Amino acid sequence: MLSSAQQQHQQPFSFPREYFFPPFFTRQTNLTTHHAQLVKWSALVLAYCRHHRIFKLFLSYSGAVAPIYSSSTTPSKTPTDQQDPSEPGELFNNRKINRRLSLADIREVIDFLRKDGRAEYIYKSNGTTTTNMDTTAAPPPDGGGDVVWIFWRTPEEWAAVIEAWVEETGQRGSVLTLYELTQGEATRGTEFHGLDSDLLQKALATVVKRGKAQIFGQEDSQGVKFF
Amino acid sequence: MSRKGVGLAAFDRSRLTSAQYASHGSNLRTTNAAALETQLSVFRSLLQQFAQTHAKDIRSNPTFRAQFARMCAAIGVDPLASSNTQSSSAGGSSIWAQLLGRSVNDFYFELAVKVVEVCGETRGENGGLIEVRKVREEIMRRRMEGASEITEDDILRAVATLEPLGSAYSVIKVGSKPYIRSVPKELNTDQSAVLEAVQVLGYVSVSMLMVNLRWARARAQTALEDLVGEGMLWVDKHSDEWEYWSPGFMLESQELGGGSGSGVMPG
């Protein structure tokens, strides 16, 4: 029943050593040290999100950071079969050593990731909604926090993975529904099975922009054709 | 008078004697030289044989390697030094390098490259000062399964091979532990004292220094801030009193954290 990708995240994420190093949760004053710290945090965030297949992070003022799992348009996945118990905020809050990263510091990590093209604000709580081409705006967070894309694969990279699969299975030129791409039986076991639907849109948009695909249809019954 | 009358023949006699001495001397010299040459060639072939048969052991067995290095030192051969002179020798490689099939110095050169890698990659987090033991752990961690064991002794020798390059790499002692310093920076005695104190728990605070070293607050504060400024300590502000941690402790905390990664989530 579970795809290999899903089985993978049954395994607990093994945190790196710095996660158990108390000063890792304090913004370092020395510039070089601070840079080393940001590099380590970025790597940790990406690895954690990749492991749990988290596409969006929700950063609230309370300091609790909840991963957002696949959106509601994925019927095959109920919240219960997600590894939801992965304690919200575990990533930035190490209870073993009683240390947590402050929201300001988390934002700094996110900014560091953004410079690298590995994160993008969907909604920023200081009033401005960073709108990019995704039309399906994120749900306004109730607590008034930030919602951030974490691109452990960038939309371009996801597009490449999907294109490779389309090529491999000889479906170039045929119409595929977005639903079957991420939820269909045929894609079980591929990496993009279960991909966040908004992220899928972003990924496909990059292909459309290159003129290598076209998207048809309405809101909930969209299809895509690769040429 | 006649006793004194040695006459001209005396000159002949003395010439004869000295000639005999000379020829005897040169005889002795040639036999000595021949004997030495035989000894040397025997030694050379034996050493060559030894190095060939045990090349693998030299590379893979740390105890064996240490013994070999010690033996070389005892007979006045330095496999490392000999390879450093290789540019000056006409053949392009030293006699020892030829004899030992390069396996020994190659081993240390390869290791030196790894040491430089580890130091370079961790410089941002430790300010260019890292315990030799950590370097060893890090190198072992990166190696593939079944790779041969290396010792701290090997790492110290490897660092020594870097010296002719005029690099900043050197080994210093902090307390009783050897560290590799990869930035040209001298520690003052207060800083060394702090780093030594940090070794005990992994961190220190101002008051800990005041109590244990009987320092005035300003002195402790200055030493700590200097070390933070050098990137050699990390500060943890979440505790009651700020704690200053050794980044070397980051490499250790894995054991400390042990199975916590698995404990967090229900299986």
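**Notebook: aromatic rings and a sheet**

I began with A:Phe25, which is buried at a relative accessible area of 1%. The model I am reading is a predicted one. Next I looked up A:Phe24, and it counts as buried because its relative accessibility is 0%, where the cut-off is under 20%.

I found both A:Phe21 and B:Trp245 buried.

Back to A:Phe24 and A:Phe25. Their rings also pair edge-to-face, at 5.9 Å centre to centre and 85° between the planes. Both sit in one aromatic cluster, whose members include A:Phe13, A:Tyr19, A:Trp41 and A:Phe92.

The charged end of A:Arg153 sits over the ring of A:Trp158, 5.6 Å from the ring centre.

Last, I turned to chain B. In what order do the three strands of the open sheet run? I read 1-3-2, with antiparallel pairing. Strand 1 (129-131) and strand 2 (170-174) of chain B are the edges, each pairing on one side only. On average, neighbouring strands of this sheet are turned by 40° against each other, direction ignored. I counted five bridges between strand 2 and strand 3 (residues 177-181) of chain B. Here B:Val174 stands opposite B:Lys177. Helix 8 (residues 189-201) of chain B packs on the sheet and touches strand 1, strand 2 and strand 3 of chain B.

Technical notes
Residues are numbered from 1 along each chain as its sequence is written. Chains are lettered from A and ligands numbered from 1 in the order in which they are written. This is a predicted model: local features need pLDDT of at least 70, side-chain atom pairs count only at pLDDT 80 or more; totals for chains, interfaces and linings use all residues. Side-chain values use heavy atoms; hydrogens and water are left out. Buried means under 20% relative accessible area, exposed over 50%, partly exposed in between (1.4 Å probe, protein chains only). Rings of Phe, Tyr and Trp (its six-membered ring) pair if their centres lie within 6.5 Å; planes under 30 degrees apart count as stacked, over 60 as edge-to-face and the rest as tilted. A charge sits over a ring if NZ of Lys or CZ of Arg is within 6 Å of the ring centre and within 35 degrees of the ring normal. Two strands pair if DSSP finds at least two bridges between them. Helices (H or I, at least four residues) and strands (E, at least two) are DSSP runs, numbered from the N terminus. Axes are lines fitted to C-alpha atoms, for helices over the stretch in contact, and angles run from 0 to 180 degrees between N-to-C directions. Contact means heavy atoms within 4.5 Å.
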